[in-house]
Amino acid sequence: MLLAHELIGRHDASELVLIHGITQSRHVWHPLLRPLAENHRVLAVDLRGHGDSESCDPYTPVDYASDVIETAQALGFSRPIVVGHSLGGIVATAYAAECPCSAVVNIDQPLRLSGFKEALVSIEPLLRGDDATFRQTIDAVFAAMNGPLPAAEQARILSHSRSSQAVVLGTWESVLVSSEAELDAMVESMVAGITVPYLAIHGEDPGPGYADWLRSLIPTATVEVWSGHGHYPHLVDPSRFLARLGELEVQVRG
């Protein structure tokens with residue numbers, strides 16, 4: 001599926017693909033687009049069922065990634081750095097597993113989905129409730145993750161969000177129905193063969209032993225904790241994020 005998208009920057013510059021989180025859209029990246037476009041060709045997409053893109057089952061990481069790959073290749077992208085936030089971090093990981101890229105930046109999305117399952121199961125009845133209950137629940141989930149994100153940024157992101165119960169449940173279905181062992185096996189299978197630099201930035205500590213666990217699956221992985229930055233470290237401290245991305249590009253160029 002070709003996705004709704006925004007393309008900005010120089011055609012001859014290094015390539016970046018930006019992937020947003022669940023319920024959100026390409027607009028979440030707007031504070032970073034112009035600085036990034038100074039030295040990059042930047043593609044920001046709306047995932048299927050999000051933003052201005054069509055809704056279409058299924059909503060798995062592989063299907064999301066396949067759409068991003070199809071859209072990027074249709075626009076002439078060959079080996080981009082793929083940056084994903086939240087759900088987009090998993091999609092960016094699946095992209096790297098399926099298609100050549102230069103590096104992956106995963107912003108605040110732990111790949112140890114077995115840990116996510118426990119939290120999700122506790123609110124599953126509310127997520128499957130009527131529309132009002134679903135919206136109250138999803139709003140509370142995201143409000144709890146804002147951390148130090150300024151109120152104006154919270155409002156901006158919310159104004160461009162699209163909370164579809166079918167899309168949210170479709171995206172989280174595999175987490176809800178799979179055992180922890182099955183989720184770990186799914187992640188291990190998905191990341192097998194990723195050899196490009198993999199930078200994971202977390203606004204809070206993803207848990208004891210997580211960095212070692214991730215490196216056991218992706219030997220090229222670097223895990224950084226920007227403590228106290230919440231779920232949006234790239235928007236809480238955009239200058240730091242842009243500088244860190246620049247360092248990664250130097251590493252990629254070797």
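**Two helices in contact**

In this predicted model, helix α4 (residues 113–122) packs against helix α8 (residues 165–177) at an angle of about 100°, and their axes are 9 Å apart. Angles of 65 to 115 degrees count as roughly perpendicular, and α4 is therefore roughly perpendicular to α8. On the α4 side, the contact is made by L113, F116, K117, L120 and V121; on the α8 side, W172, V175, L176 and V177 take part. Of these residues, eight are nonpolar, none is polar and one is charged.

The buried residues of α2 are P61, Y64, A65, D67, V68, I69, T71 and A72. Helix α2 (residues 61–74) has 14 residues, which at 1.5 Å a residue should span 20 Å; the end C-alpha atoms are 20 Å apart, in agreement with this expectation. Just after α2, G76 takes a positive phi of about 90°.

The cysteines may be considered last. A disulfide requires two cysteine sulfur atoms within 2.5 Å, and by this rule the count is zero. For C99, the nearest cysteine sulfur is that of C101, 7.5 Å away, so C99 is in no disulfide. C99 counts as buried, at 8% relative accessibility, whereas C56 is partly exposed, with a relative accessible area of 31%.

Notes
Residues numbered from 1 in each chain as written. Predicted model: local features only at pLDDT ≥ 70, side-chain atom pairs only at ≥ 80, totals over all residues. Heavy atoms only, no water. Axes fitted to C-alpha atoms, helices over the stretch in contact; angles between N-to-C directions. Helix = DSSP H or I, 4+ residues; strand = E, 2+ residues; numbered from the N terminus. Parallel < 35°, antiparallel > 145°, perpendicular 65-115°, else oblique. Contact = heavy atoms within 4.5 Å. Nonpolar A, V, L, I, M, F, W, Y, C, P; charged D, E, K, R; others polar. Buried < 20%, exposed > 50% of the residue type's maximum accessible area, 1.4 Å probe, protein only. Expected span 1.5 Å × (residues − 1).
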